[in-house]
Structures are given as structure tokens and as C-alpha cells.
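Hi,

Here is the structure I said I would pass on. Have a look at it first, and then read my notes below.

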Amino acid sequence: MTILYNQEIRVEKLTLGPWESNCYVVSAAKDAIIIDTPAEAPKILEAARGLTVRFILITHGHSDHLGALVEVKGALGAPVAVHPKDAYRLPIQPDLLLEDKKEMPLGSLKLKIIHTPGHTAGSVCLLMGRHLFAGDTIFPNGPGKTNSPQDFNTIVDTLVKQVFVLPDETIIYPGHGDGAILGQEKQLFATFNSRPRQADLCGDVLWVP
């Protein structure tokens, strides 16, 4: 468990399940959202104890981010939201569908939805101020895993148009592992993009090997 404090929000990061997927409990005062529900529902519910969970937001529909969804939803009753292109992957019917560029409230703050396809068709990042909850769209030194060259080109295009336009000081909270600072990732990508690359590139790709 990692708890991060700053002037805007409180972020509790839980690394859960066999794939060590990250769940984030993000709160402003007593209002909260849960981002992804990988596994170990009791730990997620304990992190949310004393908070009013407004939404359970799913960054994408892979099973390693959904294992505790039914139990967490059942315990809290909060609406579940996912992008429509990944809704079919959920074990339950979502209550809300996330739309690109739309905003959702968290206390006095706003959370912006950014559709970032590539890892899955319905992947999203969630932006709150300078905090980007990125799911499996971007990690330190690389994008999320892709299954085909077409998907890799999609995720690169997504990052260039939707993510790398954000301020350099934006903090990335990925779906696995440690976080990163966006400005550093832009520099690594610029190095990658300056070199020729194979037409069939996909899978687990690093900006700088």
C-alpha cells in the first residue's frame, strides 16, 4: 500500500492479485472514486472505509483489472463506469459509459475522461489536475502491450494526440508498477521516434531498450 498526499487529492495505491495490478482509491475530502478492481476485494474495501465512493471506474476490460469488481460493487453500491468499447468484457453490466473529453465530479474537483485505444479498444486514461491514471496505456519507458502492429500504431497515435499534449509535470499512475513523470516519457519517446522501426513492431515495446 502506498499513500500519496498533495494539495489536491489523496491517492491510495494498492498492488493486488497475481499480476500485481494497481488499484487506486482517490479522494478529495470524503468523496472518493475507485480506479480498477484487480483482486483482493477486502483490501479495496478497507482502503475505502469512511469514504463516500461516488464511482468505480475501470480503465480497460482485461481480467487482471476486474477480479474484485463484483464484490466491491456489491459492497459499496457505487455506479460502475467503463468505455463502451470495453463494456462487454465486464462480468457485470456497467451503470455508466465513459465518453472521451467528458468530465465527472469528485467533490469540488473534476475528472476528465481521455479515450486512449491501443492496449484495448476501450482503454481510457483519467485526468484529475496534474494526475493521470493511465491504466495500461503508458508505463515508464514504454506504452502498454499491443497484440498487433495495427494496435501498436494506434497506441502511439493515441499517446501523441491525447497524452503527450498534457503538461510535462503531469504524474502518471499506471496499471502496474511504479509511476512516472510525463515530461520524461516525452523525451524517451522522442528518442524512439527519431529512429527507424520495424513495420511489424508490437507486443511489449520499450522507448529506449
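One definition before anything else: I call a residue buried when its relative accessible area is under 20%, exposed when over 50%, and partly exposed in between. Also keep in mind that this is a predicted model.

Let's start with helix H2, residues 69–76. Its buried residues are Leu-69, Val-72 and Lys-73. They sit on the same side of H2, because the arc they cover around the axis is only 100°. Turn to the other side of the helix and you find Gly-74 and Ala-75 exposed. So what lies over the buried residues? The cover includes strand S4 (31–35), helix H1 (41–47), strand S5 (52–57) and strand S6 (80–82). Just past the end of H2, Gly-77 has a positive phi of about 75°.

Asp-95 itself is partly exposed, with 41% relative accessible area.

How many salt bridges are there? The count is 10. Another one joins Asp-178 and Lys-13, with N and O 4.0 Å apart. Asp-178 is in the loop between S14 and S15 while Lys-13 is in strand S2 (residues 10–16), so this bridge ties together parts 165 residues apart in sequence. Here too the lysine is buried, Lys-13 being at 14% relative accessibility, whereas Asp-178 is exposed at 59%. Then there is Glu-46 with Arg-49, whose closest N and O atoms are 2.9 Å apart. In that pair Glu-46 is partly exposed at 44% and Arg-49 is exposed at 62%.

On to the sheet. Six strands make an open sheet with mixed pairing, in the order S8-S9-S10-S11-S14-S15. S8 and S15 (180–181) are the edge strands, each pairing on one side only. Further in, S11 (residues 131–135) and S14 (residues 171–174) run parallel and pair over four bridges, with Leu-132 opposite Ile-172 of S14.

Last, a look at the loop between S7 (96–97) and S8 (103–106), where you will find Lys-102. Lys-102 is partly exposed, at 44% relative accessibility. Leaving aside residues up to four places away in sequence, Lys-102 touches Leu-111, Lys-112 and Ile-113. The C-alpha atoms of Lys-102 and Ile-113 are 5.5 Å apart, although 11 residues separate the two along the chain.

Cheers

Methods
Residues are numbered from 1 along each chain as its sequence is written. This is a predicted model: local features need pLDDT of at least 70, side-chain atom pairs count only at pLDDT 80 or more; totals for chains, interfaces and linings use all residues. Side-chain values use heavy atoms; hydrogens and water are left out. Buried means under 20% relative accessible area, exposed over 50%, partly exposed in between (1.4 Å probe, protein chains only). Helices (H or I, at least four residues) and strands (E, at least two) are DSSP runs, numbered from the N terminus. The arc is that of the directions from the helix axis to the C-beta atoms. Contact means heavy atoms within 4.5 Å. Two strands pair if DSSP finds at least two bridges between them. A salt bridge is a side-chain nitrogen of Lys or Arg within 4 Å of a carboxyl oxygen of Asp or Glu.
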